[in-house]
Amino acid sequence: MDRKAIVKAGYNSIAMEYRQSRIEQGETEDLVLLKELTKRLPKGASVLDAGCGPGTPVTERLSPRFKVTGVDISEAQVELARRHLPEAEFICQDMTELAFPDGAFDAVCSYYAIIHVPREEHRPLLQNFHRMLKPSGLALLCMGLGDLPDDVDENYQGAPMYWSHYDGETNLRMLAECGFKVLWSKRVADVSPPAAHLFILAQRS
């Protein structure tokens, strides 16, 4: 099973539907938490949106104030993001393979993306986020709450999709081991499909 290929093909297939579903959800709790990041950043700060999808709703909220670089594995999602948000920069790439310079960003934001990465890659991904952040840089991350080695849903909004993550305690410990100071963590319900995730605001120590 090529797990990343499932994610890429799935989000390519449902790109328009996924964007519309995010628009229809409105001002959800996860977007309220985004303000906890933005109020700590100066205008013009450089922000990496890792797993940006179609740019809706996270990049579109960041791009009016900050210099945003969005990265996503799905070509169709990146095309939608470029079409609707020309003021931001978008790159189609596996976010586990990013090679931006050390200290390139003031903040990293990642909504509903790390949970699609095979969990054995989570630690090196977090280490790379830490490397790419400036000293005292911030990371707002959506991670798993439960122990889920591998899971495939054959009909996620009409396409197969893959998930993998650790439990919340393991994620918090792993962030600390990667050099982050956890400022807060909150359980956030996801309305579509019904689920819950751990949102974490952390700072590069």
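I began at Ser 110, which is found in strand S4, residues 105-110. The model is predicted, and I kept that in mind throughout. Is Ser 110 buried or exposed? I looked up its relative accessibility and found 0%, so Ser 110 counts as buried. Next I listed what Ser 110 touches, leaving out residues up to four places away in sequence. The list holds Ala 50, Met 95, Leu 140, Leu 141 and Cys 142.

**Whole chain**

I then stepped back to the protein chain. I noted seven helices and nine strands. The radius of gyration is 15 Å, close to the 17 Å that the globule rule gives for 205 residues, so the chain is as compact as a globular protein of that length. Along the principal axes, the C-alpha atoms fill a box of roughly 40 × 35 × 30 Å. I checked burial over the 205 residues, and 53% count as buried.

**H1 against H5**

Two packed helices are described by the angle between their axes and the distance between the axes. I took both for helix H1 (residues 3-13) and helix H5 (residues 75-84). Their axes come within 7 Å and cross at roughly 45 degrees. That makes H1 oblique to H5. Which residues make the contact? From H1 I wrote down Lys 8, Tyr 11 and Asn 12. From H5 I wrote down Glu 75, Ala 76 and Gln 77. Sorted by class, the contact of H1 with H5 has two nonpolar, two polar and two charged residues.

I went on to the buried residues of H5. They are Gln 77, Val 78, Leu 80 and Ala 81. Why do I place them on the same side of H5? They cover an arc of only 160 degrees around the axis, which puts them there. I then asked what covers the buried residues of H5. The cover includes H1, helix H2 (15-25), strand S2 (67-72) and strand S3 (89-92).

**Ser 13**

Back on H1, I picked Ser 13, which lies in that helix. Its relative accessibility is 47%, so Ser 13 counts as partly exposed. I also took a distance to Ser 74, which is 61 residues from Ser 13 along the chain. Their C-alpha atoms are separated by 9.3 Å.

**Glu 27 and helix H3**

Where is Glu 27? I found Glu 27 in the loop between H2 and helix H3 (29-38). With a relative accessible area of 45%, Glu 27 is partly exposed. I listed its contacts, not counting residues up to four places away in sequence. Glu 27 touches Val 32, Lys 35 and Arg 61. I took one more distance here, from Glu 27 to Pro 57. The two are 30 residues apart along the chain, and their C-alpha atoms are separated by 9.2 Å.

I closed with H3. Its buried residues are Asp 30, Leu 31, Leu 33, Leu 34, Leu 37 and Thr 38. Seen down the axis of H3, they fall within an arc of 155 degrees, so they line one face of the helix.

Definitions and conventions
Residues are numbered from 1 along each chain as its sequence is written. This is a predicted model: local features need pLDDT of at least 70, side-chain atom pairs count only at pLDDT 80 or more; totals for chains, interfaces and linings use all residues. Side-chain values use heavy atoms; hydrogens and water are left out. Axes are lines fitted to C-alpha atoms, for helices over the stretch in contact, and angles run from 0 to 180 degrees between N-to-C directions. Helices (H or I, at least four residues) and strands (E, at least two) are DSSP runs, numbered from the N terminus. Angles under 35 degrees count as roughly parallel, over 145 as roughly antiparallel, 65 to 115 as roughly perpendicular and the rest as oblique. Contact means heavy atoms within 4.5 Å. Ala, Val, Leu, Ile, Met, Phe, Trp, Tyr, Cys and Pro count as nonpolar, Asp, Glu, Lys and Arg as charged, and the others, Gly among them, as polar. Buried means under 20% relative accessible area, exposed over 50%, partly exposed in between (1.4 Å probe, protein chains only). The arc is that of the directions from the helix axis to the C-beta atoms. The radius of gyration is taken over C-alpha atoms; the globule rule is 2.2 Å times the number of residues to the power 0.38.
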